[in-house]
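Subject: Structure for you to look at

Hello,

Please find the structure below, with my notes after it. Keep it open while you read.

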Amino acid sequence: MTNEVRTLLDLVAIPSVSPMSNRPVIDYVLDRLNPDAWSTRLYPYRDAAGVEKVNLVATTGNPRDTAELALVCHTDTVPFDPAWSEAVQPVVRDGKLYGRGSCDVKGFLACILASTSKLDLRRLSKPLAIVLTADEEIGCVGAKFIAGQAALRSRYAIVGEPTGLRPVRAGKGYALAEIIVRGKESHSAFPEQGHSAIYDAARIVTRLEQAAKKLSSRKNAAFNPPYTTLNVGLIHGGTAKNIVPGECRITVEWRPIPGQDPMRAAALIENQLARLREANPKLDAQLQVKRLDPAFEPAATDRLVAVVQSLSRRHSGTVSFGTEAAHLHSLTEETIVFGPGNMETAHKSGEFVPLAELNQCTAILEAAIKKLCA
Ligand SMILES: [Zn+2]
């Protein structure tokens, strides 16, 4: 069994679902890093529930110097169905390793540890860094914290996510908002005494569909689909069948393409609400933007992407899911997202990563470190 497979079996067996402390994963990694080669700094914080979360920055060379390459990986996972027994009792079967986080994204972490353990790090002439973060799956909280602390500078960064070993140089952003529609409750036998929040919400939803159409006219051919998508994912309204509903909430998300103001969709929605208010003066609706993650903008340079393209023999691409790369913008000059496994097998029971990709990823990281830091 290879180093990265043994390591990944260990890592998956340490549960680190986002609400839990990720400290045990950080401790495992600290134990594996040779103190003669690495200086380590911890960036702990407490989450909203008071649970301790820890980010780790490990560097070779002088920690005050700008690193040449940072390998970035989150340590938390999404939750798992308790009925899935292999979730934290990982198994290897048919050339795949099954377990929660095997693909997203402990597989990449195992490759980081395996590749760096093969190298004589004291002989690198330019510093290498490892950055481990908490709470990625609940909004890149750890990455934002690290960026806010300016915890390191690195010319290049590889952020681990399952991309099937294809280097990714840009990604869509993510925004989440709620529209709160207020009406007036009354007995349903006397609707004239009330004002239905659900009727108003229905008017708004059809306008949201128009806003989505408008967003689709601005294209960025690097993406599939090539425009900012908008989704109305949830509607909650009313209290009983015989009450005219007094409130209705609409949850809407959009994924802005790079180069477009992420607030563009919010402006379009506000515009539609204003037009509806003109026609229906009683309409009471408020848009609250709850989350606004910028897009992962492509870098001005392409050295890193070129190195990883040639090592992986895969052309670079883009992703439509959010990653920590967008938040590390202030710390790096060029960032790519890269890692073994496919995002389509992550975030569900039966998550796995192919052993062959783990093996290739370790070799690619080792070669990339030699090429960039030697
Ligand atoms: Zn991930």
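At roughly what angle do the axes of helix α7 (residues 303-312) and helix α8 (residues 355-373) cross? They cross at roughly 135 degrees and come within 10 Å. Axes here are lines fitted to C-alpha atoms, for helices over the stretch in contact, and angles run from 0 to 180 degrees between N-to-C directions.

Before the rest, some ground rules. This is a predicted model, in which local features need pLDDT of at least 70 and side-chain atom pairs count only at pLDDT 80 or more, while totals for chains, interfaces and linings use all residues. Residues are numbered from 1 along each chain as its sequence is written, and side-chain values use heavy atoms, with hydrogens and water left out.

Back to the two helices. α7 and α8 are therefore oblique to each other (under 35 degrees counts as roughly parallel, over 145 as roughly antiparallel, 65 to 115 as roughly perpendicular, and the rest as oblique). On the α7 side, Arg-303, Leu-304, Val-307, Leu-311 and Ser-312 are in contact with Ile-364, Ala-367, Ala-368, Lys-371 and Leu-372 of α8; contact means heavy atoms within 4.5 Å.

The protein as a whole

The protein has eight helices and 17 strands. Helices (H or I, at least four residues) and strands (E, at least two) are DSSP runs, numbered from the N terminus. The C-alpha trace spans about 80 × 45 × 40 Å along its principal axes. Of the 374 residues, 52% count as buried (buried is under 20% relative accessible area, exposed over 50%, partly exposed in between, with a 1.4 Å probe and protein chains only). Among contacts between residues at least 6 apart in sequence, 80% join residues at least 24 apart.

A buried strand

Strand β3 (residues 67-74) is largely enclosed by the rest of the structure, because eight of its eight residues are buried. β3 pairs in the parallel sense with strand β7 (residues 154-160) over five bridges; two strands pair if DSSP finds at least two bridges between them. In that pairing, Ala-70 has Ala-157 of β7 as its bridge partner. β3 also runs parallel to strand β6 (residues 128-133), joined by six bridges. There, His-74 is partnered by Thr-133 of β6.

A three-stranded sheet

An open sheet of three strands has the order β4-β5-β17, with antiparallel pairing. Its edge strands are β4 (91-93) and β17 (352-354), each of which pairs on one side only. From one strand to the next, the twist averages 25 degrees. Strand β5 (residues 96-98) and β17 are joined by three bridges, and Tyr-98 stands opposite Phe-352 in β17. Two helices lie across strands of this sheet: helix α1 (residues 3-12) across β4, β5 and β17, at about 15 degrees to β5, and helix α3 (residues 102-118) across β5 and β17, at about 50 degrees to β17.

Where is Thr-228 found? Thr-228 is in the loop between α5 (197-215) and β11 (229-237). Thr-228 counts as buried because its relative accessibility is 1%. Its side chain makes a polar contact of 2.5 Å with the side chain of Gln-260 (a polar contact is a pair of N or O atoms within 3.5 Å; within protein, one must be able to donate a hydrogen and the other to accept it, and residues adjacent in sequence count only if both atoms are side-chain atoms). The Thr-228 side chain also reaches the backbone nitrogen of Ile-257 at 3.1 Å. Leaving aside residues up to four places away in sequence, Thr-228 touches several residues, including Leu-215, Trp-254, Arg-255 and Pro-256.

Regards
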